[in-house]
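Subject: Handover of a structure

Dear colleague,

Please find the structure handed over below, together with its sequence. My findings follow it, and I would be grateful if you read them with the model open.

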Amino acid sequence: MQKQIISRIKKLGGQILKARDDTLRAHMSTIQFPHVLYDQDWDVYGIDAFYEKNRGAFHSTPTDFYDALEAEYFTDSDKPRGQSFWCNELFTPLTPGTDHFKEWSSCFDSSDSVDLQPIRDIVGGGRLEFVQIMYSFGFPDHYYVCLQDPKPANPTVFGTDHEVFFQEYSVVEPLSMFLKRFLTRSAFRKIVREYLSGKSG
């Protein structure tokens, strides 16, 4: 895995464990986030309510206010706030004998249901297996890397949505670029500070 990817994961608050082998699957499985992530276009969901609840601290002890805000938002909570969840789940709809194959094979065998050509253009022919690395409340809401990616040190991320599942792709970019979509804690605080800058009294 590229050093810039490892560095970015750590800046985002993630952890990387030692891989059991040198496969892309093993390396992806070592990435962990103890909290949710927010992308650069995050729309300050819930900040007004948090401010009203903690108005006193905002004006008297702003450091405490922002510490509490960060503690509230950087958890693994599934309360809808526009967050994204790192998941690392194997997805094998084209691999006979797997549960995913039983569930999805008819969909993936139908050219009317899915379009794998954008993935084939990058990884080539042969079998295709995936790791779902993230899901979110936004659009798209599913993100995958292909385990047959020819550049395992910086695999391509494919983003699709449940409404157009593998028919359309809203994200097709290297993992190193994909991770730059998400806010560090300091960038998160900056966005909130700018949003609340007009609050007084």
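Which residues does Phe178 touch, not counting residues up to four places away in sequence? The partners of Phe178 are Ile133, Met134, Tyr143, Val157, Val171 and Glu173. Please note that this is a predicted model.

The nonpolar cores

Phe178 belongs to the largest nonpolar core, which has 21 residues. Phe178 is also listed among the residues with the most contacts inside this core, alongside Met28, Trp86, Ile133, Met134, Val157 and Leu175. Two or more residues of this core come from each of helix H1 (3–11), helix H2 (24–29), E4, strand E5 (142–146) and helix H8 (175–178). The largest share, 3 residues, is given by E4. There is also a second, separate core of 18 residues, which includes Val36, Phe58, Tyr66 and Phe74.

Strands E3 and E4

Strand E4 spans residues 130–136 and pairs with E3 in the antiparallel sense, over 6 bridges. Within this pairing, Glu89 stands opposite Gln132 in E4.

Helix H5 and Asp64

Asp64 is located in helix H5, which runs over residues 62–73. From Asp64 to Asn54 the distance is 9.9 Å, C-alpha to C-alpha, and the two are 10 residues apart in sequence.

The chain as a whole

The chain has 201 residues, of which 43% are buried. It contains 9 helices and 7 strands. Along the principal axes, its C-alpha atoms fill a box of roughly 65 × 35 × 25 Å. Among the contacts with a separation of 6 or more, 57% are between residues 24 or more positions apart. The accessible surface comes to about 10,600 Å², and carbon and sulfur atoms account for 48% of that area.

With kind regards

Definitions and conventions: Residues numbered from 1 in each chain as written. Predicted model: local features only at pLDDT ≥ 70, side-chain atom pairs only at ≥ 80, totals over all residues. Heavy atoms only, no water. Helix = DSSP H or I, 4+ residues; strand = E, 2+ residues; numbered from the N terminus. Buried < 20%, exposed > 50% of the residue type's maximum accessible area, 1.4 Å probe, protein only. Contact = heavy atoms within 4.5 Å. Areas by Shrake-Rupley, 256 points an atom, 1.4 Å probe, with all protein chains shown as cover. Pairing = 2+ DSSP bridges. Core = buried A, V, L, I, M, F, W, Y, C linked by side-chain atoms within 4.5 Å.
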